[in-house]
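Thanks for coming. I will go through one structure today, starting with its ligands and then moving to its salt bridges.

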Amino acid sequence: MTIQENFEYAKKQYEKWGINVDEVLAQLKKVPISIHCWQGDDVGGFEVNQSELSGGIDVTGNYPGKARTPDELRQDLEKALSLIPGKHRVNLHAIYAETNGEVVERDQLEPKHFENWLNWAKEQGLGLDFNPTLFSHEKAEDGLTLSHPNEEIREFWINHCIASRKIAEHFGKELGTTCLTNVWIPDGYKDIPSDRLTPRKRLKESLDKIFAVEIDEKYNVDAVESKLFGIGSESYVVGSHEFYLGYALKNNKLCLLDTGHYHPTEMVSNKISSMLLYSDKVALHVSRPVRWDSDHVVILDDELKEIALEIVRNDALDKVMIGLDFFDASINRIAAWTIGTRNMIKSLLAAMLTPNEYLKQLQEEGNFTERLALMEEFKTYPFGAIWDYYCEQMGVPVKESWLEDVKSYEAEVLSKRS
Ligand code: RNT
Ligand code: ZN
């Protein structure tokens, strides 16, 4: 059977449930995923005076061929994007600035330092998102930034965040698509704090100063990302979930939920509906924690499928800004991007191919037998046939054939990097 024949057969089965498969595919095409640039070089960045990765996050592995320059990183991203169906976004961090060999302090960064990224995004038809980088820096060596007791250090990071929002505003204006700037800080303590409140008061004040600078929301919106613990901040994290949830709601900012930043049995999928009742928009860092916030490549597991269902069945595709956040240096990095992003898209497709309204109705009627029976049966519906057809239609490799592309790219390009 050809891909087309398989598709026609599968389509009929979904149509029985009132699902318009062509409409689903047309809708899926329009959902952008924000692909993080930092999978391509192990969160290294291109600062002239580079510091080691810090902030309690870690990348393990030394698979050969990582991008050493912005051009290489863009080239690698292009390769990955050619294997992923749809038009997407690229998520940059401030350390990916290009300063022509000059040392530019982070609080002095300007749009001009991202000109190459911007021109490239225009050329490729990509949106851009942005992140100030509050780690891998001498002023963050003690693991404190916006909540630091030292005012000068706080000021430095406040100014870096303001500079970042201006860069993001420029992106939004130039690209005609709103940029999302996400603030994540590592601040916390290894051991039990004697005062949890004071650092949080300072973080709140710092954020107030950062957001006091007016930026047109047409061009940039801001998010804040919480965390439970990090390496070196096991006992206390200043920017906890409650801290940022409160901050975001009170100040009309987006709360960003990273799937690796909660207790192991606490699920982000279960938070989305609550958040959307009180906030117009929510942002995600879809990641995969394995025993800790390990940032493994996203796989098509139950939680990913559940997250996608929550987005789709709550009609929130334009309310949940989907971003990815993983970094694995033990496998081919282009494959990592491809696997993780294709999985994110697959999960959305699977959610769209579910008769969500009917299943909701069953629940309302208290018909839990049928609810469970159907939810289980849908797991073996021929979703793969629709996915293959979608890939073919979108001009990207079908099934595992993308691996061949990655292998030849590795032989021709990556293996020549030392
Ligand atoms: C760290 C956060 C944060 C980073 C990126 C690089 O735990 O998840 O989002 O991964 O900013
Ligand atoms: Zn994250």
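A residue counts as near a molecule if one of its heavy atoms lies within 4 Å of it. With that cut-off, the residues around ligand 1 are Trp38, Ile57, His93, Trp184, Glu225, Lys227, Asp258, His261, His285, Asp293, Asp325 and Phe327. Please keep in mind that this is a predicted model.

Some of these residues have polar side-chain atoms close to ligand 1. For histidine 93, a side-chain N or O atom is 2.7 Å from an oxygen atom of ligand 1. For aspartate 325, the distance from a side-chain N or O atom to an oxygen atom of ligand 1 is 2.7 Å. For aspartate 293, a polar side-chain atom is 3.4 Å from an oxygen of ligand 1. How much of ligand 1 does the protein bury? Alone, ligand 1 exposes 310 Å², and the protein buries 100% of that.

Next, the metal. Ligand 2 is a zinc ion, and its protein donors are Glu225 (OE), Asp258 (OD), His285 (ND1) and Asp325 (OD), at 2.1 to 2.2 Å. Along the sequence, the spacing of these donor residues reads E-x32-D-x26-H-x39-D. Two of them show how the site joins distant parts of the chain: aspartate 258 is in strand β8 (residues 254–258), while aspartate 325 is in the loop between β10 (320–324) and α10 (333–352), 67 residues apart. Aspartate 258 is buried, at 0% relative accessible area, and aspartate 325 is buried too, at 8%.

Now the salt bridges. The whole structure has 24 of them. One joins arginine 106 and glutamate 47, at 2.7 Å from N to O. Arginine 106 sits in the loop between β2 (89–93) and α4 (115–124), and glutamate 47 in the loop between β1 (34–36) and α3 (70–81), so the pair ties together parts 59 residues apart in sequence. Arginine 106 is buried at 1% relative accessibility, and glutamate 47 is buried at 19%.

Another salt bridge pairs aspartate 405 with lysine 79, with 3.9 Å between the closest N and O atoms. Aspartate 405 is in helix α14 (residues 402–412) and lysine 79 is in helix α3, so this pair ties together parts 326 residues apart in sequence. Aspartate 405 is partly exposed, at 26%.

Last, a network of salt bridges links Arg68, Glu72, Asp76 and Arg417. Within it, glutamate 72 and arginine 68 have their closest N and O atoms 2.5 Å apart. Glutamate 72 is buried at 12%, whereas arginine 68 is partly exposed at 41%.

How values were computed: Residues are numbered from 1 along each chain as its sequence is written. Chains are lettered from A and ligands numbered from 1 in the order in which they are written. This is a predicted model: local features need pLDDT of at least 70, side-chain atom pairs count only at pLDDT 80 or more; totals for chains, interfaces and linings use all residues. Side-chain values use heavy atoms; hydrogens and water are left out. Donors are N, O and S atoms within 2.8 Å of the metal (3.2 Å for Na, K and Ca); water is not among the atoms, so sites may look incomplete. Helices (H or I, at least four residues) and strands (E, at least two) are DSSP runs, numbered from the N terminus. Buried means under 20% relative accessible area, exposed over 50%, partly exposed in between (1.4 Å probe, protein chains only). A polar contact is a pair of N or O atoms within 3.5 Å; within protein, one must be able to donate a hydrogen and the other to accept it, and residues adjacent in sequence count only if both atoms are side-chain atoms. Accessible areas come from the Shrake-Rupley method with a 1.4 Å probe; for residues, only the protein chains shown count as cover. A salt bridge is a side-chain nitrogen of Lys or Arg within 4 Å of a carboxyl oxygen of Asp or Glu.
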